[in-house]
Each structure stands twice: as C-alpha cells, then as structure tokens.
Amino acid sequence: MPRVVRRTRSHSSGFSFRAIASRSRSNPALFRLLTPERRAGIGPALPGLLLEWARAVRASGDDAETHTLLESAYGWGIAYGHHGTSVEAAGELAAAHALAGRTVAVRLWIDRATALHRANTGDPDVPMAARFASAVLAGWRLDLATAIRLLDECGLVPSIDADVFVSGLRALWLGQGGAGGAEARAGFERLVAGHPARSVVGRLVAQLVPAYLDLRADRPFAAAQNLVPDGPYRVWISAARAGANLALGDSEEAAVDAAVTIDEIAEWPYCDIQMRVIHAALALRAGRQDEAVAAFADALSLVAVHELPAPLLIVPPADLRELALAAFGDDTPPELSALLEALPPSAAPRSPAPLTPRELAVVRAVAARPTESNGEIAKALGVSGNTIKTQLKSVYRKLGVSSRAEVLALLADSGLLDA
C-alpha cells in the first residue's frame, strides 16, 4: 500500500498519525497501549499502520506478535473498508504459516484473501498477495514446477528481504528438481554476498538454502560447516546440522544437534517433521528398531496432516529407505514409494567431523598455495608456523588422512575450498 502521509488528529488524545507512525519502528507493539478512543482517533489510517508495525516486528523474528498485528490489520481493514490492506494482511499471514508448514492455517488465510479480493474487485484469480504462500505450499509438497511458476507470478513477497526469499526458494526448488539449480544457487549466493539479509527470517533463509542444496548434492561437509545455530530459529539450523552429521556418519554429533524438546518445535510442523525423522534415523542406526519405527510413524502422521513430504529429505536417502523398509517391509505406501524412487542413489556415510573456522582457513590457504611451506603459509596468514602445523594435524585427524594432498583431494568437490 502507498504510504499514508495525511495528518489525522485524534479527537480525544491529540495524537497524530504521523507522530505515532514515527514511533512505530522503535515500539511496534504501541497499538496495544492505545485506548479504543485513540484507535478511533487514528481512524482509517489504522489498518495501514498496523500492517507497517507487523512488518517491523517480523524483521525481529517475533512470530506471535507479528500474527497478532496482522490479524488486527485484517480486521480493521474490513471495518474501515480498506479491503486492499486486509487482503495484504491475509496474504502475509498465509505466507508466515506456509513457511512454518501450518497448512490448515495457510489455506484459511488464502481463502479469506481470495474471497475478499473477489468480492471487491470481481477478479476471480487468487490475489498476488496470496500467491507466495501458495508457492511455498507447492514447494513443500515437492510439486516443484508449480512452486516455481507461482513464485514467478508473485507480485508481493511479505518481507523486507523479499529478494532473498524469492532467489533462495527458486534455487532450492530448481536444485531439488535437478535442472538449473547450480545457476540459481550461484545467483542466490551473489545476492546474499552483495546485499546481506536484514531480518532474522531472511538470515535463516540465507543459511538454510545453501545447506539444503549441499545435502541434496551429497556435500555434507559444506552443509555442516556453514550452519551456526543461533537466534529464535536455531532449532531449524540444528535440524539441518543434524542431517549433515548423519550424512557424515557422525550419529553422536547428530544426536546433540537433535536434542530439542517437542515444545521448542511444535509451532513449526516443517521443523517438527525434520526432527522426528532424524530421531527415527538415529534410533535405527543404534539398533532400536521399535523406537525408530514409532518415531517414523509420528513423522509420517504429520506429513499426512500437513501434506509436507519435503522435510523427510533432511536425512540421507539410505536412512529414509531403511526406515521405510523397517516400518512397512514390502508394503510401503504409494506416496512414500514415489518419494523414495525419486531420491538419488545412497552414498556411503562418511565419518569426518566438520572443520573449525581456523582449520578451514588453513585448508583454503594450503589449496591456494600448494607448493609453499608451512612457514610461508603462516607468514601469509599472519600466524606462527606451529599454528599451521597444529591446525593441519587436527584436519588430518578429522578427515582420516595423512597428507595435504589427501585433504585437498577429499575436499575437492565439497565446496569448502572456495573462499
């Protein structure tokens, strides 16, 4: 919506819309402090102001407050006849629920946005504001062609990091489909490098998309290396790290990553499914078949409720196939069979642990200067020769090798050597 610049004076408080709007970014929840009289004094500007507040709060990662403000914007927009604002608020609510995997809520808000849009414009199509949510749902169902088509049709992406969302999801879906993924990923990485994400959710997308693509491409070293669990969405990062460590053959580290309570992930069905299938894979690797089958059944139950097969891809293909065999034998459900058939051949699990940032810096320096001595590399990095020697010993131990050449050969296709 265009920014409202008209000054609207409160009849009872003397507050102006401009004064309140100027404070909205430092105190997005100011709306809660307004009395009904003051809200009435703001008048028709209130729905747009609530939408602005919601977007400011979203940048900080406060989902609950964002939803409250968006729902208020939707309701007040209808009350004041600002149906365009209500459609935008409904579309943004649908998008937030879609990214979390709350399918029932997504459809509710898409339906509300569409009904309001049709009633006030006569346009039979789903409004632009709701198409991003529809694209995300299609992607989570692994209907990648539809997801990319809807993403290309979006006229509105509900985030200050809109370009990060669009580029990241396109790279993820093209990468999963096996066509154009490398080019899309390169474009996404250039975008993030040139214009880092400004919101909490945008930074989450910037971490997760490359990690998921690395896992699909059998590059778990790179996936684990670039994931740093932090912030309100740290359990999402932890789930991706657990998947990477499973692919590396490090069940102990994967179990550490997956050690979260159900309460921490219950509000995010997508992440909930990921963690349940990770626990199932860990139990099966440890020989606890009954526990594995029960956890896998829980994951599949959530998949059925929310129509979200994509989260199952967090574990290596070999684990997913073994879980299906343990749970169903030769009677695997058709939907799961189709997913398993589309998976790449299972690679043998690898055991090396991820490298630390210092170890990675040394390995990259060795790759850039393969003929130089430890002393020469140390001088280039501004450290001592003993530091280089110690870091290389640690790398050799982690990777199970005994020379620089073996390190470089093992990591040649991992992406870690790219500065």
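What share of the 419 residues in the protein do buried residues make up? Buried residues make up 50% of them, where buried means under 20% relative accessible area, exposed over 50% and partly exposed in between (1.4 Å probe, protein chains only). This is a predicted model, in which local features need pLDDT of at least 70 and side-chain atom pairs count only at pLDDT 80 or more, while totals for chains, interfaces and linings use all residues. Residues are numbered from 1 along each chain as its sequence is written, and side-chain values use heavy atoms, with hydrogens and water left out.

**Figure 1. The protein as a whole.** The secondary structure comes to 23 helices and zero strands; helices (H or I, at least four residues) and strands (E, at least two) are DSSP runs, numbered from the N terminus. Among the contacts with a separation of 6 or more, 64% are accounted for by residues 24 or more positions apart, a contact being heavy atoms within 4.5 Å. The protein exposes about 18900 Å², and carbon and sulfur atoms supply 54% of this area. Accessible areas come from the Shrake-Rupley method with a 1.4 Å probe; for residues, only the protein chains shown count as cover.

**Figure 2. The largest nonpolar core and W236.** The largest nonpolar core has 129 residues; such a core is a set of buried Ala, Val, Leu, Ile, Met, Phe, Trp, Tyr and Cys residues joined through side-chain atoms within 4.5 Å. Touching the most other members are W173, W236, V277, I278, L312 and L320. Helix α16 (residues 269–285) gives the most to this core, with eleven residues. Not counting residues up to four places away in sequence, W236 touches L99, A100, L204, L208, Y212, W268, Y270 and C271. In soluble globular proteins, nonpolar side chains tend to be buried together.

**Figure 3. The largest cavity.** The structure holds two cavities of 30 Å³ or more. On a 1 Å grid over the protein atoms alone, a cavity is a set of points where a 1.4 Å probe fits but cannot get out, and lining residues have an atom within 4 Å of a point. The largest cavity holds about 460 Å³ of space, a volume being the space filled by probe spheres set on the points, which are joined across faces, edges and corners. Its lining has 29 residues, and L99, A100, F165, V201 and L204 are the closest to its centre. Two or more lining residues come from each of α4, α5 (83–100), α7, α9 (162–177) and α11 (200–216). The largest share, six residues, comes from α11. By class, the lining divides into 21 nonpolar, three polar and five charged residues; Ala, Val, Leu, Ile, Met, Phe, Trp, Tyr, Cys and Pro count as nonpolar, Asp, Glu, Lys and Arg as charged, and the others, Gly among them, as polar.

**Figure 4. The second largest cavity.** About 50 Å³ of space lies in the second largest cavity. R55, R58, A59, S159, I160, F165, S199 and V201 line this cavity. Helix α3 (residues 46–60) gives the most to the lining, with three residues. The lining has four nonpolar, two polar and two charged residues.

Figure 5. H67 is placed in helix α4 (residues 63–79) and is buried, with a relative accessible area of 13%. Leaving out residues up to four places away in sequence, H67 touches L93, A96, H97 and R102. S134 is found in helix α7 (residues 128–140) and is buried at a relative accessible area of 18%. Apart from neighbours within four places in sequence, S134 is in contact with I110 and L150. From C-alpha to C-alpha, S134 and A94 are 8.4 Å apart in space, though 40 residues apart in sequence.

How values were computed:
On a 1 Å grid over the protein atoms alone, a cavity is a set of points where a 1.4 Å probe fits but cannot get out, and a pocket is an open set with protein on both sides within 12 Å along at least five of seven lines; lining residues have an atom within 4 Å of a point.
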